[in-house]
Amino acid sequence: MLEIIKAPQTVLSEKAKPVIRIDKTILILIEEMKLALESASDPVGVGLAAPQIGKQLKIFITKPSFKSKIFIFINPRVVKSLKKEKESESKTKKLEGCLSLPNIWGEVKRYQEIYLEYLDENNVLHKKKFTGFMATIIQHEMDHLDGILFPKRVLEQNGTLYRSEKDEKGEEIFNELKI
């Protein structure tokens, strides 16, 4: 099984390249990504981009809930976010973490609604609107494809980063990181 790469590996800060052809190699890579995502347990992962397993390809997968199926996105492109006049009310701040940054968390403002164009593993083109948590996951994973980790967004938005650890009862506690 492929290992999820942790920061500060340089592959995480490089732009991914488009997939030229969806062939057997790409399909095997997607299956390996699924195994890596489903094996993540502390924390549980909801998305994984190919750069997180060392592959500079524009592929990511999502699994927004424990019971949901895995969705595959190849060569994704944001068609549009919400209209500019709604900019101030179109973003919501949510706590994010990342499998490549264990125990680091931060609140990031993301669009609540995005329109995406992408290919699936069968080379079928989709144009679809995503909202809520799925829109947040997609934007986080799209950032990975551009070599951006979520703490950059937190800092751009003058937010706070946190480090989590377990207390004596095994419960998660968050401590502010001083930067």
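User: Which strand holds phenylalanine 130?
Analyst: This is a predicted model in which local features need pLDDT of at least 70, side-chain atom pairs count only at pLDDT 80 or more, and totals for chains, interfaces and linings use all residues. Residues are numbered from 1 along each chain as its sequence is written, and side-chain values use heavy atoms, with hydrogens and water left out. Strands (E, at least two residues) and helices (H or I, at least four) are DSSP runs numbered from the N terminus. Phenylalanine 130 lies in residues 125-131, which form strand β7.

User: Is phenylalanine 130 buried or exposed?
Analyst: Buried means under 20% relative accessible area, exposed over 50%, and partly exposed in between (1.4 Å probe, protein chains only). Phenylalanine 130 has a relative accessible area of 5%, so the residue is buried.

User: Which residues form one aromatic cluster with Phe130?
Analyst: Rings of Phe, Tyr and Trp (its six-membered ring) pair if their centres lie within 6.5 Å. A search of the whole structure finds five aromatic pairs. The cluster that includes Phe130 also holds Phe60, Phe73 and Tyr118.

User: How are the rings of phenylalanine 60 and phenylalanine 73 arranged?
Analyst: Planes under 30 degrees apart count as stacked, over 60 as edge-to-face and the rest as tilted. The ring centres of phenylalanine 60 and phenylalanine 73 are 4.6 Å apart with planes at 15°, so the pair is stacked.

User: Which strands does the pair of phenylalanine 60 and phenylalanine 73 link?
Analyst: The two residues are 13 residues apart, and the pair links distant parts of the chain. Both phenylalanine 60 and phenylalanine 73 are buried. Phenylalanine 60 is in strand β2, and phenylalanine 73 is in strand β3 (residues 71-81).

User: Within what arc do the buried residues of α1 fall?
Analyst: The buried residues of α1 are Ile26, Leu29, Ile30, Met33, Ala36 and Leu37. The arc is that of the directions from the helix axis to the C-beta atoms. These residues line one face of the helix, because seen down the axis of α1 they fall within an arc of 125°.

User: Which residue's backbone oxygen does the side chain of glutamine 56 reach?
Analyst: Glutamine 56 lies in the loop between β1 (47-49) and β2 (59-62). With a relative accessible area of 17%, glutamine 56 is buried. The side chain of glutamine 56 reaches, at 3.1 Å, the backbone oxygen of lysine 15.

Technical notes
A polar contact is a pair of N or O atoms within 3.5 Å; within protein, one must be able to donate a hydrogen and the other to accept it, and residues adjacent in sequence count only if both atoms are side-chain atoms.
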